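Take a moment to look through the structure below before reading on. The paragraphs that follow go through it one part at a time.

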Amino acid sequence: MTRKLPRRSHARVVRLALFAGAMALLLAACSQPYPYNTLNPAGPVADKQADLFAVVFWIAVAVFVLVEGALVVAMVRFRSRGGREGMDIPKQIHGNTRLEVIWTILPALLLAGVAVPTVGTLFDLADVPEGGLRVNVIGHQWWWEIEYPDLKVITANEVHVPTDRPVNLTLRSNDVIHSFWVPRLAGKQDLVPGRDIELSIQAPTPGTYRGQCAEYCGLSHANMRFRVVAQEPAEFEAWVEQQRTAAPAPAPGTDAAEGLEVFRNPLPQGTGACIACHAVQGVEGAVARVGPDLSHVGGRQTIAAGILPNTEEGLERWLRDPPRAKPGSKMPNYQLSDEQIEALVAYLRSLK
Ligand code: CUA
């Protein structure tokens with residue numbers, strides 16, 4: 001009796017498993033939602049970029065199919081067949097002037113065809129739209145400072161914008177090169193120290209658009225995330241009003257009041273003070289812009305540039321040991337006591 005059959009079906013099972021695994025990986029790319037999908041553009045800037053991409057992509061697909069197709073035909077048709085060497089050598093065309101001219105001119109025409117829409121789109125996108133909302137985005141290792149110069153608002157890691165209005169960003173860096181990238185709204189744009197770089201975005205519908213630093217900028221480059229929060233114009237106005245109003249001082253005797261004391265005074269551990277780096281509106285002396293402005297930190301979706309949820313647990317984890325939550329963090333571990341952390345968490349959450 002032969003054992004061949006089981007062995008063959010075993011190989012089939014392995015092949016099937018490999019195929020299923022590969023399909024699972026492939027289909028994982030289709031899982032919803034895709035907040036970082038540049039092929040799911042939103043707004044006029046991203047739409048123009050996606051349109052240009054489509055033109056170049058389909059030209060490239062046509063070139064790929066023609067070139068690879070010719071290669072496959074040549075490989076199959078003129079392959080070596082055992083015992084018939086020399087029988088299938090094709091006609092040699094080395095030095096054929098007409099062919100040389102054709103395959104020099106054709107790619108040149110193709111590149112010219114790609115250049116026309118590319119240059120047009122580049123000039124189109126370089127125009128700063130009139131009547132746009134001015135926002136300064138300042139890159140820091142490893143967080144984003146967001147400033148509205150006309151509205152006198154400063155925040156961090158969340159760019160609130162009204163829908164259907166152009167937003168003219170001025171990108172700056174405080175230290176090294178970063179890159180502002182909100183895949184659904186616009187292509188990547190570097191932030192270069194010593195330079196002001198313009199970028200316009202426009203969000204068509206309310207919602208949160210995810211962003212990520214896209215230029216390697218040190219240890220926590222991957223942890224330098226942000227969000228563009230698009231709101232209906234009226235809702236955006238309300239947000240601006242709230243940002244311009246200092247959060248009410250905590251009631252005496254509460255945990256939050258105790259937290260304010262921890263925030264304002266040198267830490268008993270003798271290592272520094274929160275107030276030396278962070279600003280909070282309405283708190284005397286709290287004007288530093290070394291770290292994020294905390295005036296309304298309680299109202300943000302996340303903390304630590306998008307890597308921790310803005311919850312009691314998230315804040316506690318951050319304050320317990322910042323460089324552990326975010327490697328390389330410029331905020332050191334101050335060895336805060338449980339009481340200090342609890343008080344600070346209550347205070348920060350009160351800053352709505
Ligand atoms: Cu900032 Cu990478």
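Which backbone nitrogen does the side chain of T302 reach? In this predicted model, the side chain of T302 reaches the backbone nitrogen of G306, at 3.4 Å. That distance falls within the 3.5 Å cut-off for a polar contact between N or O atoms. T302 itself is placed in strand 11. With a relative accessible area of 12%, T302 is buried, because buried means under 20%. Leaving aside residues up to four places away in sequence, T302 touches E158, R227, L308, P309 and N310.

The phi angle of A305 is near 55 degrees, which is a positive value in a residue other than glycine. Most residues other than glycine have a negative phi. Is A305 buried or exposed? Its relative accessibility is 1%, so A305 counts as buried.

Q335 lies in the loop between helix 7 (322-325) and helix 8 (338-350). The relative accessibility of Q335 is 57%, so Q335 counts as exposed.

Another backbone feature concerns a peptide bond. Most peptide bonds are trans. The bond that joins Q141 and W142 is cis, with omega about 0 degrees. W142 is found in the loop between strand 1 (133-140) and strand 2 (143-148).

In what order do its 3 strands stand? The order is 4-10-9, in an open sheet with mixed pairing. Strand 4 (158-162) and strand 9 (207-212) are at the edges; each has a single partner strand, so one side of each has no neighbour in the sheet. From one strand to the next, the twist averages 20 degrees.

Strand 4 and strand 10 (residues 225-231) run parallel and are joined by 5 bridges. Within this pair, P162 stands opposite Q231 of strand 10. Helix 4 (residues 233-244) packs on the sheet and touches strand 4 and strand 10. The direction of helix 4 makes about 135 degrees with that of strand 4.

Terms used. Residues are numbered from 1 along each chain as its sequence is written. This is a predicted model: local features need pLDDT of at least 70, side-chain atom pairs count only at pLDDT 80 or more; totals for chains, interfaces and linings use all residues. Side-chain values use heavy atoms; hydrogens and water are left out. Helices (H or I, at least four residues) and strands (E, at least two) are DSSP runs, numbered from the N terminus. Buried means under 20% relative accessible area, exposed over 50%, partly exposed in between (1.4 Å probe, protein chains only). A polar contact is a pair of N or O atoms within 3.5 Å; within protein, one must be able to donate a hydrogen and the other to accept it, and residues adjacent in sequence count only if both atoms are side-chain atoms. Contact means heavy atoms within 4.5 Å. Two strands pair if DSSP finds at least two bridges between them. Axes are lines fitted to C-alpha atoms, for helices over the stretch in contact, and angles run from 0 to 180 degrees between N-to-C directions.
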